[in-house]
Amino acid sequence: MKKRNTVQLLGIISIIILVSVQVFIIRGIWKQKDEMFGLRYTMRSQEAISFINRRMPTDGFDTVRLLLKDYSEKVNSEIHAIKDSNELEARKKEILDYFTGVVNKEQDFSGMLSAYFERRGFEKNFNYSIVINNLEMIGNDTIDVYQSKEFSNRQSTMRSGRTSASEISRSKILVNWFRMEDNNYRFFFEYFIDFSDKQKLILKETSVSLLMSIFSIMVVVILFMITYRNLMEEKRLSNLKTDFINNMTHELKTPLSTITVAGKTLEMVQIRTNEEKILETAKLIGKQSIHLNQLINMILEISMWERTQFQLDKKTIEIEEFMHDIVESFKSGGGNGASINQKYNLSGEKIDIDVVYFTAMINNLLSNAVKYSDKEPVIDIEGFTSDNSLCIKVADNGIGINRSDQKHIFDKFYRASTGNIHKFKGLGLGLYYVKRIAEAHGGDVSVSSKPAKGSTFTITIPYKLK
Ligand code: ADP
């Protein structure tokens, strides 16, 4: 159990590490693609700007210049006359809003950039934003309407040429930095673009590595699960084999030692003169030999089924009568004083079965019902037809079977944990035998059981009405 948990834990930890490493790698690839995307569009934008400058009669801001000229002429004299500082601040804000609104709305640059991208087969749908960084109204004394801290920092990095690509690509892509002036104003602004489909485009580019990663992780997880299951199955089978050998030795030893003792008894002089004792001992030897023979035959038959198909020798029989016969011979063969109640609803029903195997199947269920009982055994047998099938139920008041064992009791060599201690003798083959016979008749067997309450085995065999 400890080894099993360690293997499981190690496997799970390795898978977690593997998944984390993959996530880490994919995040790295994603970040790299994101930066590459930003760089690519920064370069494409720069090409677009030089193209526009060379080929176009306008830079796309002519309307802006016209509107700002009229506006700045009007406000410039006003602003220079304002003495009240509060009023001046309010007026500055109005001016900045107007400038920002006009450059954002009235320019043709975005359309030109988009047309350039489209002609080159690049992504043409982008959002843009223009940010004014420094606005001055020029008069006798220049008034700073707006000067952002970021702008002064960026101006110095730009001048020194140290604007890093990652800084730009982190969110939006900086296309260009413009300066516009006239007699009344002077300002700088930055033009950014942002692709709403950027994530989708990057996903498309990374999809191959992403899919390969997911696929390889899935393969590793599935392989781990299969290997782990096989390992556990192998372990279970090897345990079953060991238990089977122990149980078989025990089962074979009992009749053998009885026969040995009986042989020794027959050698004794005082026994040889007593005919009654000789007969009794001979009977005992005979009985034990039959038991031994049955055990060996069962093992041989089962190993033969593994190699060849089950051969049934079917006969048409009246089932109710046949069931009565089986129960009667079980009772007369010992039955360990079990009280057996029979209830059939099968009057006159005929069915094709292999008489020998069918008898062995019912006998196995009856002897289990007696064997796995810790009180006076009471067995209820029911027989009826349902959906063109014959159903035989064998219910007992015995020790019952755990839910976890119920799944395995029909497996070869399986014995429930209580069965492994030699209190209940057996080889773990009886129910396997029952299941194989029921299946050979085209049917099946099932169990329902509650520990300490009892078990009910149901055999279902399909049949045609005769
Ligand atoms: P065996 O009896 O030789 O151990 P079986 O294949 O007949 O092998 O049964 C498998 C296991 O199922 C048994 O070890 C026992 O634990 C359980 N079992 C079978 N029949 C009954 C029953 N009627 N009541 C309780 N447990 C049963």
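User: Which residues of α11 are buried?

Analyst: In this predicted model, the buried residues of α11 are Tyr357, Phe358, Thr359, Met361, Ile362, Asn364, Leu365, Leu366, Asn368, Ala369 and Val370. Buried means under 20% relative accessible area, exposed over 50% and partly exposed in between, with a 1.4 Å probe and protein chains only. Helices are DSSP runs of H or I with at least four residues, and strands are runs of E with at least two, numbered from the N terminus.

User: What caps the N-terminal end of α11?

Analyst: Asp354 does, with a side-chain oxygen 3.0 Å from the backbone nitrogen of Val356.

User: And what does Phe358 touch?

Analyst: Apart from neighbours within four places in sequence, Phe358 is in contact (heavy atoms within 4.5 Å) with Ile319, Phe322, Met323, Ile326, Ile353, Ile437 and Ile461.

User: Changing topic, where is Ser129, and is Ser129 buried or exposed?

Analyst: Ser129 lies in strand β1, residues 127-137. Ser129 counts as buried because its relative accessibility is 18%.

User: Which residues does Ser129 touch?

Analyst: Not counting residues up to four places away in sequence, Ser129 touches Asn104, Lys172, Glu190, Tyr191 and Phe192.

User: What about the place of Ser114?

Analyst: Ser114 is in helix α4, residues 109-119. Beyond its neighbours within four places in sequence, Ser114 is in contact with Lys124 and Phe126.

User: How are residues numbered, and what is left out?

Analyst: Residues are numbered from 1 along each chain as its sequence is written, and side-chain values use heavy atoms, leaving out hydrogens and water. As the model is predicted, local features need pLDDT of at least 70 and side-chain atom pairs count only at pLDDT 80 or more, while totals for chains, interfaces and linings use all residues.

Conventions: A polar contact is a pair of N or O atoms within 3.5 Å; within protein, one must be able to donate a hydrogen and the other to accept it, and residues adjacent in sequence count only if both atoms are side-chain atoms.
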